[in-house]
Amino acid sequence: MTQKVPVQVPKLTMATTEVTFLEWLVEDGQPVEEEQPIYVVATDKVENEVAAPASGILRHGTAEPEEVYPVGTEIAAIEVP
Amino acid sequence: MTLAQAVDARLRKGIGRGEFFAVIWPSRGQEAVAAGVGAALRRDDRLVTTYRGIHDLVGKGVPLTEILGEIMGKSIGASRGKGGTMHITAPEQGVALTTGIVGAGVPVAVGLALAAKQQGSDRVTAVCFGDGATNTGSFHEGMNLASTWQLPVVFVCQNNLWAEMTPIGDTMNIDQVVDRRLAYAMPGERVDGNDPEAVHRAVTAAVERGRSGGGPTFIEAVTFRFEGHYFGDQQKYLPAEELAAAKEADPIPRYRQKLLDSGALSADELTAIDEDATAQVEAALAEVLAAPAPDLAELDQDVFVNMEGIPS
């Protein structure tokens, strides 16, 4: 049975309440390793690469470049076999 | 030390990738001070620490579920999820207060020591704070009264050389924080805060002094914080060479090597300690993540003993 691990926008600093999604580093449907950087967000005028919370197949959600998302938004999922 | 490091590392990993949401002030790099202090205190001795105090709480023996639970605002947290990282209290392990205000713990610790003296108890109170706290009025007021009344307090300055984003040299005109004790005729010493045995020796002597009626002691433990002021701090103000030099003196690999060289522990035994620390953190984290948030009925609990006269 495949388990889906949510990919949620992290609270990257004390003051972060929302981030700007910049780009995916891994294509939709591709395998990723836990801890591998999978997308880039901007917060406090700093770009941050965010790591995969699990190993599996990355399924992009609806995140659009330059759009702002609150901390905790589920922007993707990782299918763990 | 390894357990405190494992807690800090797991929190940073989980927050950084969106696995859970919390605010922490990382203690990575300062574990040797916490280990030395925690091991020198009796269970009923009191500890007062700060928001950068996760390592101190681990050192004093607070259960990991209570620490992680409080940081994540869960009902199984030390303050039942209502205090957060800045307000962790664990009376059973002697942790009287974690404060979010720089320098605010000092007079509270002095009050706890005054209480012990008036109750005829031989328990000692240790209070941890940073270098920046020694610039506050509350610090000097507390030092003065502790010395005047010869109270059983151990002042432990975890001097990590940076007060939030300001280097120590910008805010004090003395070479060593430990010199501040001289204004209060208080005994004390400056130790290598990256050496747990040096910290332990100094704190043990200070605890014995306090317990036997010899009054307060001031200890400056010189160390460093590797991860900045708060989690996510990019540390652009910190010269790269200063951080690199500090990491050369990282207390954890250094003490591991010392234990190996002295033959006190084998590589296998040290690895087993590391693995046990990681396993303890993972088990506590799983329990915390599965635990509920505080019930709404908790809102007016633990606020006033007697609500009479308190506007509703």
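E282(B) and R10(B) form a salt bridge in which the closest N and O atoms are 2.7 Å apart; because E282(B) belongs to helix 10 of chain B and R10(B) to helix 1 of chain B, the pair ties together parts that are 272 residues apart in sequence. In this predicted model, E282(B) is partly exposed, at 34% relative accessibility, whereas R10(B), at 10%, counts as buried. A further salt bridge links R28(B) with D250(B), with 2.8 Å between the closest N and O atoms. R28(B) lies in the loop between helix 1 and helix 2 of chain B and D250(B) in the loop between helix 8 (240-248) and helix 9 (251-262) of chain B, so that parts 222 residues apart in sequence are tied together.

Chain B and chain A bury about 1300 Å² between them, 59% of it on carbon and sulfur atoms. On the side of chain B, R17(B), F21(B) and Q234(B) lose the most area to chain A, together accounting for 44% of what that side buries. The contact draws 15 residues from chain B and 17 residues from chain A, and 3 salt bridges are found across the interface.

Over all chains, the whole structure holds 22 salt bridges. E34(A), in the loop between strand 3 (31-32) and strand 4 (37-43) of chain A, and R17(B), in the loop between helix 1 (2-16) and helix 2 (31-40) of chain B, form a pair that joins two chains, their side chains meeting in a salt bridge at 2.9 Å, N to O. R17(B) is buried at 5% relative accessibility, while E34(A), at 35%, is partly exposed.

Terms used. Residues are numbered from 1 along each chain as its sequence is written. Chains are lettered from A and ligands numbered from 1 in the order in which they are written. This is a predicted model: local features need pLDDT of at least 70, side-chain atom pairs count only at pLDDT 80 or more; totals for chains, interfaces and linings use all residues. Side-chain values use heavy atoms; hydrogens and water are left out. Contact means heavy atoms within 4.5 Å. Buried area is the accessible area (1.4 Å probe) that two parts lose on being put together, summed over both. A salt bridge is a side-chain nitrogen of Lys or Arg within 4 Å of a carboxyl oxygen of Asp or Glu. Helices (H or I, at least four residues) and strands (E, at least two) are DSSP runs, numbered from the N terminus. Buried means under 20% relative accessible area, exposed over 50%, partly exposed in between (1.4 Å probe, protein chains only).
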